[in-house]
Structures are given as structure tokens and as C-alpha cells.
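Subject: Structure handover

Hello,

Here is the structure for you to look over. My notes on what turned up follow below it.

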Amino acid sequence: MEADDRSAVARIMALLGLVGEVEWARIAVGPTLDGKPRPPLLVWRFKQGDEPLEERFALAVNAFRGRVGWLLEQTDRNWVLIPRELSETFGRGGWRTDSEAILYFAESRPDYSRDSMEDLEDIILCIEHALE
């Protein structure tokens, strides 16, 4: 993982920590091991979230208009932030894991993957401003 990717992960974790104590998180950002761009995937769970802050977080993400569409969803206690097209592709089935679908995008949709990676930085900025 490159320094920029570690910085993005640290910033994301700091933002999540402002909303509530994070019970666990899976933050997949940055290129594949062979350097290809891949769409980011963020999944986390709060031990106990702060509902007004969760709302501000969600409003910032949902208001974001980037190069690709984004989906923020809360399923049971888990939250997921993922490029919309990746979510739809994974939801149609045929993939053993979300990682398999992400690698498919890295191979077959490098421009989309790069755009979604660039969007993530802008989403982080939107959330930072919303939680100030």
C-alpha cells in the first residue's frame, strides 16, 4: 500500500471515528498488487453510532456528484460505501466474493476504476466539511 493510500485509510478511519466508535472496518483502497486501478470498497460497523452524525455523514455522501455514481447503504448494523455500478454488478450474482468483482473491474474497466479512485478523495473532503 502506497503512502497516499495509507493516508486515505487513516482519514477515512478518523472520519468514521467522529461518527461513532468503529467496531470493525474493511477499507479496500488503492491499486491492485500489479498496479492496476481498482474501485474502492468501504465496509464498517459502529459499536454505537451517533444518529445525528450518521445522518450528516450520509447526507454528505448522498449529495456527492462525482465521476461515477456512489451507493451508501446500511444493512442491519453494517455500512457499505461502494461505487454504484460495482454494487449493481456484484448484486446480479455470478461472483464468489466482492473481491472477485473488484478485480474484474480492475481488469476490464480501468477508466471506471481510476475515476472511482479519484472520486474517493473528493468524497473524503465532502465528509470532512460536513462533519466540521
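Two rings of Phe, Tyr or Trp count as an aromatic pair if their centres lie within 6.5 Å, with the six-membered ring standing for Trp. On that basis W44, F46, F57 and W79 form one aromatic cluster. Please keep in mind that this is a predicted model.

Aromatic pairs

The rule gives seven aromatic pairs. One of them joins W95 and Y104. Their ring centres are 5.2 Å apart and the planes are at 50°, a tilted arrangement. W95 is partly exposed, at 23% relative accessible area. Y104 is also partly exposed, with 39%.

F105 and Y112 make another tilted pair. Here the centres are 5.4 Å apart, and the angle between the planes is 50°. Are these two residues buried or exposed? F105 has 1% relative accessibility and counts as buried. Y112 has 9% and counts as buried.

Helix α2

F57 of the cluster is also among the buried residues of α2. This helix covers residues 51-63, which is 13 residues. From first C-alpha to last it reaches 18 Å, close to the 18 Å expected at 1.5 Å a residue.

Which residues of α2 are buried? They are L53, E54, F57, A58, A60 and V61. These residues lie on the same side of α2, because they cover an arc of only 160° around the axis. An α-helix has 3.6 residues a turn, so residues three or four places apart point the same way. The face turned away from the buried side of α2 carries exposed residues: E51, P52, L59 and A63.

Overall picture

The protein has five helices and four strands. Their order from the N terminus is α-β-β-α-β-β-α-α-α.

A compact globule of 132 residues would have a radius of gyration near 14 Å. The protein has 14 Å, so the two agree. Its C-alpha atoms fill a box of roughly 40 × 30 × 25 Å along the principal axes.

Of the 132 residues, 42% count as buried. Among contacts in the protein with a separation of 6 or more, 65% come from residues 24 or more positions apart. The protein exposes about 7,300 Å², and carbon and sulfur atoms supply 50% of that area.

Best wishes

Methods. Residues are numbered from 1 along each chain as its sequence is written. This is a predicted model: local features need pLDDT of at least 70, side-chain atom pairs count only at pLDDT 80 or more; totals for chains, interfaces and linings use all residues. Side-chain values use heavy atoms; hydrogens and water are left out. Rings of Phe, Tyr and Trp (its six-membered ring) pair if their centres lie within 6.5 Å; planes under 30 degrees apart count as stacked, over 60 as edge-to-face and the rest as tilted. Buried means under 20% relative accessible area, exposed over 50%, partly exposed in between (1.4 Å probe, protein chains only). Helices (H or I, at least four residues) and strands (E, at least two) are DSSP runs, numbered from the N terminus. The expected span of a helix is 1.5 Å times one less than its number of residues. The arc is that of the directions from the helix axis to the C-beta atoms. The radius of gyration is taken over C-alpha atoms; the globule rule is 2.2 Å times the number of residues to the power 0.38. Contact means heavy atoms within 4.5 Å. Accessible areas come from the Shrake-Rupley method with a 1.4 Å probe; for residues, only the protein chains shown count as cover.
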